[in-house]
Amino acid sequence: MSARLLDGRALAAKILAEARLAARRAGRRPRLAIVAAGGAEAGSYLKAKLKACEAAGVEAVVHRLSPGPRAKTLGLLADVCASADAVLVETPYPRGLSAADLAAAIPASKDVEGVTDAAYGRLFLAKTWKEASTLAAPCTALALARLALAARVPLAGRRAVVVGRSATVGRPAAHLLTTLDMTVTLAHSRTKGLAALCREADVLVLAAGRPGLVKPSWIKRGAVVLDAGVTVVRGRLKGDAAPGAERRAGALTPVPGGVGPVTTACAVLSAARLSSRR
Ligand code: NAP
């Protein structure tokens, strides 16, 4: 049996329709500032965001911050924040800017990805999905929760295992799955017996960035596998699930075309909602 593919592009289109409605509620075209490192070509993620903004009626303005004295960079970032309804910063962050700098510089009311202490705290205080799903939050984590719902399998009371505990992907994804009433285990590079743990998962979230880490035999038959891993191997994008995962899983996100487009759409929806609340 081959797994049902969870089509990230189709779900992204629905989320962008929600974003379009939120943008209309703002009463004017919302303005999203996207801050990126200076110099580099616009990468595929940035291009995808610009296209998604266009589809949702959100005006995206890209600001390239070139490396320079830290005080100057922070000053430029403050100007960018003042000029927009919503702000997001592409990774890798512009040289000289840390996650803590961004958390301090971006007003919580304009924070698309929930990087500020206030937004991050609010997310973790939310107990239910109804509360959490309306908040600005790390977009890949939101995308993973949306995809778990889109798989249309029972979630409440079932086991989820999240592999990866970063502040922006694994940890908030684990929290969001608890808001969907799943019982969640968060695994990381020091976890013992990872294979056996994964085999217990009804929903298995992969966010380690280790291509092919999770072998088909680690997957419970019929499980939902949500693969956020993206690594370029010999010019091709690879997820954390090894080839053959589709023979064990009941549903699986493809790489590419799974978590990525939904993440982008969640960012645009967050920007439109922040603008409509201003
Ligand atoms: P990260 O900060 O490097 O975190 C990776 C996590 O995986 C860490 O918690 C690490 O454990 C854990 N890990 C590493 N090797 C492991 C192993 N062998 N067994 C178990 N756990 C292991 O990465 P990230 O930013 O969270 O991103 C994770 C992946 O998602 C990457 O491939 C990234 O490209 C991808 N990503 C995708 C999207 C998207 O839109 N699709 C967006 C963002 C990120 P320790 O904490 O112990 O080090």
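Which residues are the closest to the ligand, and how many surround it? The shell holds 20 residues, and T140, R165, S166, S189 and V230 are the closest; a residue belongs here if one of its heavy atoms lies within 4 Å of the ligand. Bear in mind that this is a predicted model, where local features need pLDDT of at least 70 and side-chain atom pairs count only at pLDDT 80 or more, while totals for chains, interfaces and linings use all residues. Residues are numbered from 1 along each chain as its sequence is written, and side-chain values use heavy atoms, with hydrogens and water left out.

Now for the shell's make-up. It splits into nine nonpolar, nine polar and two charged residues, where Ala, Val, Leu, Ile, Met, Phe, Trp, Tyr, Cys and Pro count as nonpolar, Asp, Glu, Lys and Arg as charged, and the others, Gly among them, as polar.

Next, the polar contacts (pairs of N or O atoms within 3.5 Å). A ligand oxygen sits 2.7 Å from a side-chain N or O atom of R165, and a ligand nitrogen is 3.3 Å from one in the side chain of R210. Taken alone, the ligand exposes 930 Å², and the protein buries 69% of that (accessible areas by the Shrake-Rupley method with a 1.4 Å probe).

Key:
Polar contact = N/O pair within 3.5 Å; in protein donor to acceptor, adjacent residues only side chain to side chain.
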